[in-house]
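Below is a short note to go with the model. The points can be checked one by one against the coordinates.

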Amino acid sequence: MADQYAQSGEDKSTGSPAIRWDEPPEGPVVVLLDQTRLPAEEVELVCTDASALVEAIRSLAVRGAPLLGIAGAYGVALAAARGFGVDEAAVALESARPTAVNLSVGVRRARAAYDAALADGADAEQAAGAALAAARQLHREDAEASARMAGHGLALLDELLPGGGHRILTHCNSGSLVSGGEGTAFAVALAAHRVGQLRRLWVDETRPLLQGARLTAYEAARNGMAYTLLTDSAAGSLFAAGEVDAVLVGADRIAADGSVANKVGSYPLAVLARYHHVPFIVVAPVTTVDPETPDGASIEVEQRPGYEVTEVAAPNVPVTGAGGGVPVAPLGTQAYNPAFDVTPPELITAIVTEEGAVSPVTAEALAEMCDGARRAAVRQGPAVP
């Protein structure tokens, strides 16, 4: 089980790390900021084994495509360091969130380092060290990619919307809580804020788990950004009033043809943006592009429990619902609750990665960008732990 303890909310102006590897006297652990408890309180989960990390992933205590990759890699390293079955841990971690491709990427990268070390004659402890080195390297690379995405995204905004004063609409959460750095789409908005070019950040509350209201607003407030929260269904009125200059969203999986799976509600925003001639921009690392998924129809969309829609969590209120919340629908109500929807490439203005922006979004352009990233990684060679 994952141990939990309260963390003081004082003096947090520079932000709390979403994930870290720690080595207390009783053995190595993966420490997570429990995102289900934000913004009311900052609580850390201490995961002593891969099963605790799997549960944290499924419960969305840790979430967001890039961060899931990092978590998956650390999970393999944790299993190896504590002498648990690495193969079993890898399988469990990969299956925890099927839509997010980065999770598999992180798991496989750490597992490959572990297996390669064993094949080279390393003992179990040395192989565990190799897995940890791979996880830490992935963590560093994601932080670097985040900074590069922010730069490319800001340059694209300047090109599409010269003059600054951007009014940006974002959906779900894509800041430092999903990344080893400052995030994906949110990092672009933050970069615009820092250079005085962000007029307003419109934050969709993002049903059913309110990740915009709970997490993006939390990050925007901590960074001193001008932001306004709105219900998901109010976005259309904002477009109609001419109050949105660009839409910025992240991604959990990008298919080879450029179709993008992101938090449910992203697709209708893309339709609205196209109708109102507003740029719809996806920001994600190259690792989110999955060449083995040919198109949007091939993306497995995770279905979440119905009680996330039929109940709400409310502090200091007696719990009466099956999911641990307060019912807001009649008993027995069925709920349709997909975690993601898929936006086709023809509705996407650009996909921004650490390697630059792809626009128009085509299979050929994405493949060329990914091939270039792979060639660059080969030239750099393996990282030194």
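**Notes on the model**

1. Cavity count. There is 1 cavity of 30 Å³ or more. A cavity here is a set of points, on a 1 Å grid over the protein atoms alone, where a 1.4 Å probe fits but cannot get out. Grid points are joined across faces, edges and corners, and a volume is the space filled by probe spheres set on the points. The largest cavity holds about 210 Å³ of space. Its lining comprises 20 residues, and the closest to its centre are Arg63, Gly64, Cys172, Asn173 and Asp252. Lining residues are those with an atom within 4 Å of a point. Helix H2 (65–81) and strand E10 (260–263) are the elements that give two or more residues to this lining. Helices (H or I, at least four residues) and strands (E, at least two) are DSSP runs, numbered from the N terminus.

2. Basis of the values. This is a predicted model, in which local features need pLDDT of at least 70 and side-chain atom pairs count only at pLDDT 80 or more, while totals for chains, interfaces and linings use all residues. Residues are numbered from 1 along each chain as its sequence is written, and side-chain values use heavy atoms, with hydrogens and water left out.

3. The residues lining the largest cavity divide into 8 nonpolar, 8 polar and 4 charged. In this scheme Ala, Val, Leu, Ile, Met, Phe, Trp, Tyr, Cys and Pro are nonpolar, Asp, Glu, Lys and Arg are charged, and the others, Gly among them, are polar.

4. Cysteines. How many disulfides are there? The count is 0, where a disulfide is a pair of cysteine sulfur atoms within 2.5 Å. Cys172 is buried at a relative accessible area of 7%, and Cys370 is buried at 6%. Buried means under 20% relative accessible area, exposed over 50%, and partly exposed in between (1.4 Å probe, protein chains only).

5. Asn102. This residue belongs to helix H4 (residues 101–119). Asn102 counts as buried because its relative accessible area is 3%. Neighbours within four places in sequence aside, Asn102 is in contact (heavy atoms within 4.5 Å) with Ala65, Pro66, Gly69, Asp252, Pro285, Thr287 and Thr288. Asp252 is also one of the residues closest to the centre of the largest cavity.

6. Ala89. Helix H3 (residues 86–94) contains Ala89, which is buried with a relative accessible area of 7%. Residues up to four places away in sequence not counted, Ala89 touches Ala50 and Ala79. Val260 is 171 residues from Ala89 in sequence and 28 Å from it in space, C-alpha to C-alpha.

7. Open mixed sheet. Four strands form an open sheet in the order E12-E9-E10-E15, with mixed pairing. Strands E12 (289–290) and E15 (340–343) stand at the edges with a single partner strand each, so one side of each has no neighbour in the sheet. Two strands pair if DSSP finds at least two bridges between them. Strand E9 (residues 253–255) pairs with E10 in the antiparallel sense over 2 bridges; the bridge partner of Ile254 in E10 is Val260.

8. Strands E5 and E6. Strand E5 (residues 166–170) pairs with E6 in the parallel sense over 5 bridges, and Thr170 stands opposite Val203 in E6. Strand E6 (residues 198–204) is mostly covered, with 5 of its 7 residues buried.

9. The peptide bond from Arg207 to Pro208 is cis, with omega near 5°. Thr206, not a glycine, has a positive phi near 65°, and Thr206 is buried at 0% relative accessible area.

10. Other backbone points. A cis peptide bond also joins Leu38 and Pro39, with omega about 0°; Pro39 is in the loop between strand E3 (29–33) and strand E4 (42–47). His277 has a positive phi of about 60° although it is not a glycine. His277 lies in the loop between helix H9 (266–275) and strand E11 (280–283) and is exposed, at 74% relative accessible area.

11. Glu364. Helix H11 (residues 363–380) includes Glu364, which is exposed at 59% relative accessibility. Glu364 and Gly258 are 106 residues apart in sequence and 9.4 Å apart in space, C-alpha to C-alpha.

Definitions and conventions. 1 Å grid on protein atoms, 1.4 Å probe; cavity = no way out; pocket = protein on both sides within 12 Å on 5 of 7 lines; lining within 4 Å.
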